[in-house]
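Work through the following exercises with the sequence and the 3D view open beside you, and try each task before you read its solution.

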Amino acid sequence: MANIVTSFCCVVLAAVVVVYAQRRSQQGARIQYEKIGSDVTMQCGSLDNDASVTWKVNGTDVKARRREEGPRLILMEVNMSSNGLYSCFQNPDGQRRDQINLRVGLPPKEPQVTCRSNTYPKGFYCSWHLQHPTYIPTDFEVDVQHNQRPLEVTRDEVHKNRCHVKFPELFTSFPYRVNVTAVNSLGRASSAISFEESSIVKPDPPEKVVAKPVANNARRLEVTWNSPSTWPDVETFPLKYFLRYRPLIRDQWQHVELSDSTSHTITDAYAGKEYIIQLAAKDMEIGTWSDWSVAVHATPWMEEPKPITSTTESDIIPETTPGPPSAAPRVGEPTAACSTLLWSTHLLLACVLLSIMWYVTSLQCYFNASHSLILCEKGS
């Protein structure tokens, strides 16, 4: 087990050493940028034209389409797989004479530029991006002018493709001109836009949107929100709001435009249906609507159903009402007396005997001389 661990540690250490050596080698190498699809010539230091050299890429033989002319290596129609660290060694002693870090890419095309003010009237910001990648490092130069005067540009610390500009004055009729130039080792390209102050004002969406049901009302929802925190002076430059809502069971939105208010009561909600609600904001006079806020969900108030209690036969307790004391059974009512005494076996036997006695005492007997019989019949 110890041998396995030792071997593994040796392998990891060797890999770290190789990576470190490659990085040290790359740090000492000069970088050469070339365009995708072109033929690339790499020169081995300052060796004479008749010098004999051997080329390696990333420590292995060069397998790409190539041509060698003395101390020069010519790669044909390079592509992204041509990237790598190329080293040349002088023959016959094999001494390394030069290293080249080849980076293949494209020159930039015109960047796409947009500007917006979400902190009116403090200032605005501009963003840009390339529609097509260059695959090599590309920088951007930004120039902003107003009334033919350059303005100070502050690069954003988080977004590398964004800058911030302060408004030099408000309510001006002079347009702003922003020019962004993309630059890399293979070329440069520029884009310029012009705009008036009022056209780029666009607040951020409202924040902390809350929707709650209204007690004892099955068709109302109370919606509240805050102005965007990035809007610096809502008192001097008030915002208006656009509220939209719909039940989840339908696709059609309902809209309400509100002036200088941060609450609204929806009065036509469907009872018991879940709603989705969003808001947008806009300066009262200039600019465009913000994006929609984060959606919130709410359901109107519903009356709680009354609890249903279930009963079983074992749960039912019979009511017992005390009755009059039982009278002693009369001779003429044996059946009633028996029905009272059936709960006891011994009393049942007594009931039977009592019935027989009653029957015997009620007979009327006489002698029938012709048949020498004594006949009995039940009296009336």
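A disulfide is a pair of cysteine sulfur atoms within 2.5 Å. This is a predicted model, in which local features need pLDDT of at least 70 and side-chain atom pairs count only at pLDDT 80 or more, while totals for chains, interfaces and linings use all residues. Residues are numbered from 1 along each chain as its sequence is written, and side-chain values use heavy atoms, with hydrogens and water left out.

**Exercise 1.** Find which residue a disulfide joins to Cys44, and work out which parts of the chain the pair ties together.

Solution. Begin with the sulfur atoms: Cys44 is joined to Cys88, with an S to S distance of 2.0 Å. Cys44 sits in the loop between β2 (40-43) and β3 (53-57), whereas Cys88 belongs to strand β7 (residues 84-90), so the link ties together parts that are 44 residues apart in sequence. Then consider the geometry, where 80 degrees about the S-S bond makes the link of Cys44 and Cys88 right-handed. Finally, check the accessibility, for which buried means under 20% relative accessible area, exposed over 50% and partly exposed in between (1.4 Å probe, protein chains only). Cys44 is buried at 0%, and Cys88 is buried with a value of 0%.

**Exercise 2.** The structure holds two disulfides; describe the one formed by Cys115 and Cys126.

Solution. The sulfur atoms of Cys115 and Cys126 are 2.0 Å apart, and the torsion about their S-S bond is about 105 degrees, so this disulfide is right-handed. Because Cys115 lies in strand β9 (residues 112-116) and Cys126 in strand β10 (residues 123-129), the pair ties together parts that are 11 residues apart in sequence. Cys163, in contrast, is in no disulfide, since the nearest cysteine sulfur, that of Cys126, is 5.0 Å away.

**Exercise 3.** Determine how close the N and O atoms come in the salt bridge of Lys56 with Asp61, and whether each residue is buried, exposed or partly exposed.

Solution. Start from the rule: a salt bridge is a side-chain nitrogen of Lys or Arg within 4 Å of a carboxyl oxygen of Asp or Glu. By this rule the count is nine salt bridges. In the one between Lys56 and Asp61, the closest N and O atoms are 2.6 Å apart. Lys56 is partly exposed at 27%, and Asp61 is partly exposed at 47%.

Methods. Helix = DSSP H or I, 4+ residues; strand = E, 2+ residues; numbered from the N terminus.
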